[in-house]
Amino acid sequence: MTQLMLVCHQGVGEALVAAAEVIVDHPLAVTVVPVRYIDDPDRSGRCVARQLKRLGLTGPVLVLTDLPGATPHNTALQAASNADPPAPVVTGLNLPMLLRALNHLDVAPLELADMVEQGACRAIISGSRHEA
């Protein structure tokens, strides 16, 4: 079973997990590593690496981040590439992406990474093109 780890700016991952818990109506086993703007990037990277190692002891991990190129994403990429085995990282986290991941945790991390990316993109709909 794939485990989820969210590495996001402080408040983002926590809010998305809370919203998902309301939707599914039960607590979720998702590890959230919040990164504050005042945090030292090296310290954040070590924290992400520790969490990946801890989660990796019980199964494969998929890492989701909120903003490409930002500190949470960069630290997650570095830690995930150094993990044993390496963990895939998908950025652009949104609620549809998280819900898709939660509904398919039986899928291997690389396949799940593709699924959540596709699901997140399909969930973007322009109101002017959306039929009522």
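## A selection tour, loop by loop

Asp25 counts as exposed, because its relative accessibility is 67%. Select this residue to begin. The model on screen is predicted.

**Stop 1: Asp25.** Color helix H1 (12-24) and strand E2 (30-35), then look at the loop between these elements: Asp25 sits there. Now check the backbone. Phi of Asp25 is positive, about 65°, although Asp25 is not a glycine. Most residues other than glycine have a negative phi, and most peptide bonds are trans.

**Stop 2: the Asp84–Pro85 bond.** Stay with backbone torsions. The peptide bond that joins Asp84 and Pro85 is cis, with omega at about 0°. For orientation, show helix H3 (71-82) and strand E4 (89-91); Pro85 belongs to the loop between them.

Stop 3: Show side chains here. Side chains of opposite charge can pair when their charged atoms come close. How many salt bridges does the count come to? The count is one. Arg36 and Asp39 form a salt bridge, and their closest N and O atoms are 2.9 Å apart. The cut-off for such a pair is 4 Å between a side-chain nitrogen of Lys or Arg and a carboxyl oxygen of Asp or Glu. Arg36 counts as partly exposed because its relative accessibility is 37%. Asp39 has a relative accessible area of 14%, so Asp39 is buried.

**Stop 4: Arg50.** Move to helix H2 (residues 41-56), which holds Arg50. Is Arg50 buried or exposed? Arg50 is exposed, because its relative accessible area is 54%. Arg50 and Ala83 are 33 residues apart along the chain, and their C-alpha atoms are separated by 9.5 Å.

**Stop 5: the cysteines.** The structure holds zero disulfides. A disulfide would need the two sulfur atoms within 2.5 Å. Cys121 also has its closest cysteine sulfur in Cys8, at 17 Å, again too far for a bond. Compare the surface around each residue. Cys47 counts as partly exposed because its relative accessibility is 26%. Cys121 counts as partly exposed too, because its value is 49%.

**Stop 6: Val63.** Step to strand E3 (residues 61-65), where Val63 has its place. Val63 counts as buried, because its relative accessibility is 1%. Hide the surface to find this residue. Then pick Ala120. The C-alpha atoms of Val63 and Ala120 are separated by 15 Å, and the residues are 57 apart along the chain.

**Stop 7: Thr91 and Glu117.** Thr91 is part of strand E4. At 25% relative accessibility, Thr91 counts as partly exposed. Which distance separates Thr91 and Glu117 in space? The C-alpha to C-alpha value is 8.4 Å, for residues 26 apart in sequence.

**Stop 8: the negative patch.** Asp106, Glu111, Asp114 and Glu117 form a negative surface patch. Zoom in on Asp106. Where is Asp106 found? Asp106 is in the loop between helix H4 (95-103) and helix H5 (109-122). Asp106 counts as exposed, because its relative accessibility is 68%. Color the surface by charge to end the tour here.

Terms used:
Residues are numbered from 1 along each chain as its sequence is written. This is a predicted model: local features need pLDDT of at least 70, side-chain atom pairs count only at pLDDT 80 or more; totals for chains, interfaces and linings use all residues. Side-chain values use heavy atoms; hydrogens and water are left out. Patches are made of residues with over 30% relative accessible area and no salt bridge: like charges are joined within 9 Å, nonpolar side chains (Val, Leu, Ile, Met, Phe, Trp, Tyr) within 5 Å. Accessible areas come from the Shrake-Rupley method with a 1.4 Å probe; for residues, only the protein chains shown count as cover. Lys and Arg count as positive and Asp and Glu as negative; His and the chain ends are not counted. The place of a charge is taken as NZ of Lys, CZ of Arg, CG of Asp or CD of Glu. Helices (H or I, at least four residues) and strands (E, at least two) are DSSP runs, numbered from the N terminus. Buried means under 20% relative accessible area, exposed over 50%, partly exposed in between (1.4 Å probe, protein chains only).
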